[in-house]
Amino acid sequence: MYNLVADYHTHTLYSHGRGTILENVEAARNRSLKAIAISDHGFNHLVFGISKSKLRKMKKEISTLNHQFSDIKVLLGVEANIISLDGEIDIPDSYLEAFDIILMGFHKIVRPAGWNDFCKLFVKNGLDKLGLTNREQLRQSNTTAIVKAMERYPIRILTHPGESIDIDTRSVAQAAAKHNVALEINASHGFMTVEYAKIALEEGALISINSDAHSPRDIGNFKRGEKIAKLAGIPSTRIINTEEYMCLK
Ligand SMILES: [Zn+2]
Ligand SMILES: [Zn+2]
């Protein structure tokens with residue numbers, strides 16, 4: 001369908017993936033990918049967050065692999081968590097430089113920045129499914145939080161936008177286009193829908209199709225995401241992990 005040559009969203013044993021960094025990289029090489037990002041969960045994820053003390057080890061492993069293999073570029077990434085209504089993410093400024101690529105998404109089991117953020121960002125989104133919230137208000141504060149994060153940080157990819165958090169897709173897509181953030185079509189979650197992808201296209205946002213693999217065998221499995229992108233009519237030059245886009249850069 002598309003000539004996808006990079007998988008920017010993969011997990012390893014450093015969070016809750018099943019493979020090592022090496023195993024993920026080998027799987028990517030077997031699929032003839034030219035780039036892979038190791039993007040385990042940010043520090044504040046209560047169960048699967050990477051620990052700051054392991055960062056140096058991860059960096060070293062990745063640097064060794066980049067020396068060892070000339071056919072693939074391995075990036076140290078992170079799937080950061082949004083932790084405040086003000087758009088704060090769980091990567092302190094002093095750590096931002098440690099990563100080659102920063103992804104950001106909303107996850108539920110995360111230590112928030114403060115009490116108000118806990119109530120409005122985590123409890124309310126949890127109650128939303130039960131119909132116990134003012135939906136419109138919640139959507140607005142969610143959208144503002146995500147837009148602010150894109151303004152504040154060098155985020156490259158917004159992962160599974162809309163999952164577990166109701167957002168105004170058009171506003172998020174406009175901000176993404178402005179700040180050069182790619183909206184992810186996540187091949188394992190199935191977010192976003194064709195409708196959302198069309199809105200992203202209309203607003204000029206870039207797209208990234210990723211596997212979100214939690215096991216080496218799923219690395220580079222983009223099928224479900226590709227289907228959504230095709231149905232939405234996204235051209236390959238708008239997808240940051242196609243060969244066409246990467247050649248243009
Ligand atoms: Zn995620
Ligand atoms: Zn993930």
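Author: Start with the zinc ion (ligand 2): along the chain its donors follow the spacing H-x1-H-x67-E-x132-D. This is a predicted model, so local features need pLDDT of at least 70 and side-chain atom pairs pLDDT 80 or more, while totals for chains, interfaces and linings use all residues. Residues are numbered from 1 along each chain as its sequence is written, chains are lettered from A and ligands numbered from 1 in the order in which they are written, and side-chain values use heavy atoms, without hydrogens and water.

Reader: Which residues are the protein donors of the zinc ion (ligand 2)?

Author: They are His9 (NE2), His11 (NE2), Glu79 (OE) and Asp212 (OD), at 2.1 to 2.4 Å from the ion. A donor is an N, O or S atom within 2.8 Å of the metal (3.2 Å for Na, K and Ca); water is not among the atoms, so sites may look incomplete.

Reader: What are the angles among its 4 donor atoms?

Author: They run from 76 to 162°, and the site of the zinc ion (ligand 2) is irregular. Four donors count as tetrahedral if all angles lie between 85 and 135 degrees; four count as square planar and six as octahedral if opposite donors are over 155 degrees apart and all others between 65 and 115; anything else is irregular.

Reader: Where do His11 and Asp212 sit?

Author: His11 is in the loop between β1 (6-10) and α1 (21-30), and Asp212 is in the loop between β7 (206-210) and α8 (223-232). They are 201 residues apart, so the pair links distant parts of the chain. Helices (H or I, at least four residues) and strands (E, at least two) are DSSP runs, numbered from the N terminus.

Reader: Is His11 buried or exposed?

Author: His11 is buried, at 1% relative accessible area. Asp212 is buried too, at 3%. Buried means under 20%, exposed over 50%, and partly exposed in between (1.4 Å probe, protein chains only).

Reader: And what coordinates the zinc ion (ligand 1)?

Author: Glu79 (OE), His107 (NE2) and His160 (NE2) do, at 2.1 to 2.2 Å. Their spacing in sequence is E-x27-H-x52-H. Glu79 coordinates both zinc ions, ligand 1 and ligand 2, which are 3.3 Å apart.

Reader: Are His107 and His160 buried or exposed?

Author: Both are buried.

Reader: New topic. How many salt bridges does the structure hold?

Author: There are 12. Each is a side-chain nitrogen of Lys or Arg within 4 Å of a carboxyl oxygen of Asp or Glu. Take Glu61 and Lys57: their closest N and O atoms are 3.5 Å apart. They are 4 residues apart in helix α2 (residues 55-68), so about one helical turn separates them.

Reader: What does Glu136 pair with?

Author: Glu136 forms a salt bridge with Arg139, with the closest N and O atoms 2.8 Å apart. These two are 3 residues apart in helix α5 (residues 135-152), again about one helical turn. Glu136 is partly exposed at 42%, and Arg139 is partly exposed at 25%.

Reader: What about Arg170?

Author: Arg170 has a salt bridge to Glu203, the closest N and O atoms being 2.5 Å apart. This pair links distant parts of the chain: Arg170 is in helix α6, and Glu203 is in the loop between α7 (194-202) and β7, 33 residues apart.

Reader: Last one. What is the phi of Ser32?

Author: Phi of Ser32 is near 60°, a positive value in a residue other than glycine. Ser32 lies in the loop between α1 and β2 (35-41) and is exposed, at 54% relative accessible area.
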